[in-house]
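Please consult the sequence and the coordinates shown below alongside the text.

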There are 2 protein chains.
Amino acid sequence: MRQVGSVLWPKLRVLQVYGANTGVGKTIFSSILCRAFLKRFPKVHYLKPISTGPQNEADDRHLSILSKNVRARCLYQFADPVSPHIAARSSKESTSNDDIRAAVYDELSSYANDDDSVAVVETAGGVLSPAPSGSSQADLYRPLRLPVFLVGDHQLGGIGTTISAWESLHIRGYDVQSVALFAESRYDNHSYLKDYFAERDIHAFSVPPPPERHSSNAEDARAMQQYYEEISASSSVQSYTSKFVEDHAKRVGDLQAMSTEAVEAIWHPFMQHSERSKDTITAIDSAYGDYFATHTTQQAAVTAQDPQASLIRPAFDASASWWTQGLGHGNPHLALTAAHAAGRYGHVMFASAVHEPALRLAQTLLANMGNPRLSKVFYTDNGSAGMEVAIKMGIRAAAARNGWSADEDIVILGLKGSYHGDTMGTMDCSEPSIYNKKEPWYTGRGQWLDFPQVKMRKGQWIVEAPGELEGVFGEARTFDSLDDIFDFEKRKVDSDMYRAYCDATLADLEKKGSKFGALVIEPILLGAGGMMFADPLFQRCLVDSVRGRSHNAQTSTDDLNWTGMPVICDEIFTGLYRLGRFSASKSFLGIDADIVANAKLLTGGVLPLCTTTASQAIFDAFVSDDKTDALLHGHSYTAHPVGCSVANESLKTMMKLDRGGAWDRFKQPWKAGESETVGAWSMWSEAFIKAVSQRSQVDSVFALGSVLAISLKDPDGKSYASTAAYQMRDKLLAGAPDDEWVIHSRVLGNVWYAMAAMTTTKETIESLEEKIYAALE
Amino acid sequence: MRQVGSVLWPKLRVLQVYGANTGVGKTIFSSILCRAFLKRFPKVHYLKPISTGPQNEADDRHLSILSKNVRARCLYQFADPVSPHIAARSSKESTSNDDIRAAVYDELSSYANDDDSVAVVETAGGVLSPAPSGSSQADLYRPLRLPVFLVGDHQLGGIGTTISAWESLHIRGYDVQSVALFAESRYDNHSYLKDYFAERDIHAFSVPPPPERHSSNAEDARAMQQYYEEISASSSVQSYTSKFVEDHAKRVGDLQAMSTEAVEAIWHPFMQHSERSKDTITAIDSAYGDYFATHTTQQAAVTAQDPQASLIRPAFDASASWWTQGLGHGNPHLALTAAHAAGRYGHVMFASAVHEPALRLAQTLLANMGNPRLSKVFYTDNGSAGMEVAIKMGIRAAAARNGWSADEDIVILGLKGSYHGDTMGTMDCSEPSIYNKKEPWYTGRGQWLDFPQVKMRKGQWIVEAPGELEGVFGEARTFDSLDDIFDFEKRKVDSDMYRAYCDATLADLEKKGSKFGALVIEPILLGAGGMMFADPLFQRCLVDSVRGRSHNAQTSTDDLNWTGMPVICDEIFTGLYRLGRFSASKSFLGIDADIVANAKLLTGGVLPLCTTTASQAIFDAFVSDDKTDALLHGHSYTAHPVGCSVANESLKTMMKLDRGGAWDRFKQPWKAGESETVGAWSMWSEAFIKAVSQRSQVDSVFALGSVLAISLKDPDGKSYASTAAYQMRDKLLAGAPDDEWVIHSRVLGNVWYAMAAMTTTKETIESLEEKIYAALE
């Protein structure tokens, strides 16, 4: 499948002409512009990708007759003079959005060479008029994100239609550079619109309307000829063309300078800045669907050699923008949803208040987690803050029940390699490591256990135990399928062994004085700590063991109350379909957590929001007559309506995909045996990960849901400092000079990983699999 | 000034008819709807607020002639048949948006009584056609936020104009309930649009177009009469009317149930939930400008008595939505900006990457802080996380220079009552208090000093010192003006005394073993800790004292480097014009901080974002060949483009207001003596705060920038647990039954405070001052 994205050629300046409505003069303006540009450049291209109506009336013919030095071209000509989505029904030609974009891209590429020139691309109908596929013009061309010249509506009502058309382009991420329309004295739309757009830093101008039509074709042609000559030479049009040329140069210059300027002004997250230079910073000009539109030093080198290469190249966003992306970049539904909430509320203070988006989101989470314990939703702004709240909830509840004073040294129980965030409370939930050892205020407040991991090695699913657990666990287990690993019934021997181990370990730790305020786990996948796939049975047994602790078991008969210690599931990364299911703790481990934190996919990859959902028993531990017993936590933008609205829309969309069988093509091959349903599945194919696991460079690999993780062999034993994964990452980003798209990825030590959005197609995954396999030795 | 907001009457159902363009049949559809509703309700009202053209052709006449049982009314009739913004120029009538909204509100109120009925409000032109004031129809009526019936465009190009019109309404926060248009077989727009809106859960339907016009008026009238009869009785229209009635009932029911449902599903921030019931939760239906549209138990009681009272009442948002609001709720520019960024990017991962909104925001902050030390911007999601980063930056830099190991007990120096956030690292920066004493993981890591405070008491500006400082400071100082307090030159005696005190105190603390990693202050106003106005001269002297510490003074000649200890200014609340100036530390204290954190107003009250800006020297302390020396901090949504874009737009707007003299009317009266410029000023008038300070209930009061804080006398000495301020808050929210709007506020202990947006008008402030004064005893 072709994948073309946003383009920017240094010497070929492209603009796209949109109309605020049909019949506003797009073709006349295109003609004026082509002629005006001819005064500056020897070659001017006019491209009408889609035209409907008899060919001799088609816009491109009209234009080339009138102006011989313009090279005009139409790509899709439909004889039927109706909207393209109707005309295309009777056509045999393939007119998917992908095909049309690729054809436009190829055509424009063919114009790009060492000569300075301009290409004017005229759309069909209005901004949101249907394309042949049925989606709108603006959505069809959005991936190319060409600078827009909007022809305004000079007719009665045209002020409103012009501004609305601009808004529709704007919310789709277009840069509308200029607005122009015919000066029509009756309605005076042009005066109003000039001021309106000037306030928004958009250049707007008007030209006199074309001469009235007469009966004689020859006379009309002469009159139009004269009109075009006059208008294209007019000062307003000429000042537009010089502005357009300047804007193009500025855009190229800004893009080329971005990485250097970033080095000046930005302190990047998670980076040793001695390694930073303009060459190590990727400039991201825009993004759409699965892809970034990137400019890199490597791409600059390619364009220096090849004038047909764009300064911008699509790069598959393989970290899903730090694990947040779920429904595609530049998603117009989510953009509109965000805007609606901003327009309805802005932010509204959430203390002692409620608004619909926050209430509905809380209700949706409670209704769909499948966990009867969960009862109350607390909002924060990101996963780290949400986990701080979870910890506060857990340890306060434990302290209250056990009668521990605030001075006592309460710790959490966790797994080695866990990671819950970068604020200091969550840092303290991880064992001492290179991440935190240089932070003066870091204090490890926990006990962390080794755990067995799921991997595919040399074509075989295994579970193996590291460190001190190895002595108990013995040799690695082998499994025929991923589903078998999740079949707890069949793994009675492991289950008994795990439970005995956990019981003994907990008893021992408690004997030594540990006061546990909470068990804190990332269900199934330990993310930032190194992308480790925990044996789900072990996590399940650990929870059972914790809840079976008798010394402080709840005496109440309420089976929704916690026993042993509150169980906190950090599903910030693993929840909400990232692993293919709504709730990782419920669906995979079969447990009802007491506290669950969600973020990242919650807002579908648009903006930050986090929810910490707690059981009634946890909530009740904070209720008293004393104000200071309350959870005195809150952020200014707590439950901001924009975030809650986007979350509601994201969840609705993902649940619809789930229920509508959108992932069935991925799920089907993962079915184990005769099974009708599939528990564990991935968007990455099992055949692919089997093949990967056989590469000599690879230690092991796994895939679950949208996540793929490849552990590379680490000859130096340096783990986090290992360079094998870096090399893979760099190779995939550089690509070959003629690759239409490349892969942008992040690594964790010696683990190279990728994840898809929940809307990524099977075809895209297959292309990725090819590239990834080829990059491995 | 009248202030009307969103309305919802239980028995009067209102819908507003918008057109996707002019000439799409708004009036015909209004007629159809009125007649259809007559089949359900005895009374139907038709309101055309604004009409242009000769009166006998006006829509309301047309409609009342055709359907006698409809009570039709037009409020503004312009004879000139042009767009209202042109027609209004020659009119003597006042046609501001406020006037028109108030007139519409009053007219609709007059329809509301105990009888069930419907009012159809027809707009003029298209959705964004100009109103008499020049702003758009949609912006004119937005505060009322009536449910919308959108008449789609059946003409060529109408698919695009209809969708764009819907998008323009949607991003302004309207609920578009239904879309209807004429079925026109040539273009088949109605088939496309029905599917399109069904996917978006919006009911869409079509009706046959009206009969063609003939020459005979009588025949036309008969044909139309017949058309109306048929269509209004048709199943599609009847099913629409029943849906409309259901939607209204659902909206009323949902609003009335919201507080109860919130109690079920939400864990509110900063609340002792034993005090929570549906009666203490304010349901916020929407917001616009300075006002929430609120439904409360009190309001429910009012509507139970008075059918003309709306279930929703405007409440001035006096906490500026927890101090975030700056440019008005529901600001369409910010909504569009957010949508543009979401449409251009979604989120894009920021590690080793850069995008334009983040780069421009960093550059704007660096260029406008006026602080030559600041060099690098780090992004987080909220103030608490941003302050965690600031602390990490400061103490790591101090530890590196002083050769302290990570195990040593490094503390911060701060002021008593400081508050920097609720994540555990920032909690540790506050002295032990009721806020944190029950958190098991809280560890106060600092030394906190008393400080003198600025207050107006009994009409006199004073500076007085509390606690142990009183012995040194002596009696309270008095000042003639606020500006005099900021005139450090004239306060040499205080300055010397402060400096000597700080020097001695620091020397003593260091002698006792304190290792200070940073000085952390909130410049001028200590916000969440109790809204205290620190004597700026004291803060300045403290900084000078810290920087003058010789034991570890920087030997380098680089005067941009820190000495003594890094100085961190938490300007999350106080920066970016909240106190009237861009930077509180630079403008008021005259210091160049080493690290500055900004949030809240940064994003103008839309969504969370925080910046932590550091000097090059601080940044350099993290640069080495060792990856683990880096600041290993980052959040998934770090530098999310939506937040950065909204911040860029907010800052641009506020800087424009500043430079354009938008606040001159507020500033003028604050000028001291002959002074041409004004340093310290407030949107609240000095005369008002003088008057307030004389009320018997009031201990003291101050105002600065948009902030007003009133300390109420606390007879029980309970401070945070004091109820005096609660009573004031509750009284202002309840209002009188016939108050057009009330005040929604928050309190901090015995302090009742209010703050305005940067766009709040002087007239609104004056109305507020009246209400606040009246509420005080």
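**Conventions**

This is a predicted model, in which local features need pLDDT of at least 70 and side-chain atom pairs count only at pLDDT 80 or more, whereas totals for chains, interfaces and linings use all residues. Residues are numbered from 1 along each chain as its sequence is written, and chains are lettered from A and ligands numbered from 1 in the order in which they are written.

In the interface, 138 residues of chain B are in contact with 140 residues of chain A; contact requires that the C-beta atoms of two residues, placed from the backbone, lie within 7 Å. On the side of chain B that touches chain A, helix 12 (residues 332-344) of chain B gives the most, with 10 residues. Helices (H or I, at least four residues) and strands (E, at least two) are DSSP runs, numbered from the N terminus. By class, that side of chain B has 66 nonpolar, 52 polar and 20 charged residues. Here Ala, Val, Leu, Ile, Met, Phe, Trp, Tyr, Cys and Pro count as nonpolar, Asp, Glu, Lys and Arg as charged, and the others, Gly among them, as polar.

Strand pairing also crosses between the chains: strand 11 (residues 353-354) of chain A and strand 8 (residues 282-288) of chain B run parallel and are joined by two bridges. Two strands pair if DSSP finds at least two bridges between them. Within this pairing, A:Val354 stands opposite B:Ala283.

**Nonpolar core**

The largest nonpolar core has 508 residues, of which A:Leu150, A:Ala338, A:Ala339, B:Leu150, B:Ala338 and B:Ala339 touch the most other members. Such a core is a set of buried Ala, Val, Leu, Ile, Met, Phe, Trp, Tyr and Cys residues joined through C-beta atoms within 7 Å. A residue is buried if 20 or more other C-beta atoms lie within 10 Å of its own, exposed if 12 or fewer, and partly exposed in between, with C-beta atoms placed from the backbone. Leaving aside neighbours within four places in sequence, the contacts of A:Leu150 include A:Tyr18, A:Trp166 and A:Val179.

**Strands within chain B**

Strand 18 (residues 515-521) of chain B is mostly covered, with six of its seven residues buried. Strand 18 pairs in the parallel sense with strand 13 (residues 410-415) of chain B over four bridges, and B:Leu519 is the bridge partner of B:Leu413. Strand 18 also runs parallel to strand 21 (residues 567-570) of chain B, joined by three bridges; there B:Val520 stands opposite B:Ile568.

Strand 10 (residues 313-317) of chain B is largely enclosed by the rest of the structure, because five of its five residues are buried. Strand 10 pairs with strand 9 (residues 291-295) of chain B in the antiparallel sense over four bridges, and with strand 26 (residues 742-744) of chain B in the parallel sense over three bridges. B:Ala315 stands opposite B:Phe292 in the former pairing and opposite B:Val742 in the latter.

**Individual residues**

| Residue | Other C-beta atoms within 10 Å | Class |
|---|---|---|
| A:Lys458 | 12 | exposed |
| B:Tyr726 | 15 | partly exposed |
| B:Trp684 | 27 | buried |
| B:Ala320 | 29 | buried |

A:Lys458 is not a glycine, yet has a positive phi of about 50°; A:Lys458 is found in the loop between strand 15 (453-457) and strand 16 (460-464) of chain A. B:Ala320, likewise not a glycine, has a positive phi of about 45° and lies in helix 11 (residues 320-323) of chain B.

B:Trp684 is placed in the loop between helix 23 (664-667) and helix 24 (686-693) of chain B. Not counting residues up to four places away in sequence, B:Trp684 touches B:Ile689, B:Ala703, B:Leu708, B:Ile765 and B:Glu769. B:Tyr726 has its place in helix 25 (residues 724-734) of chain B.
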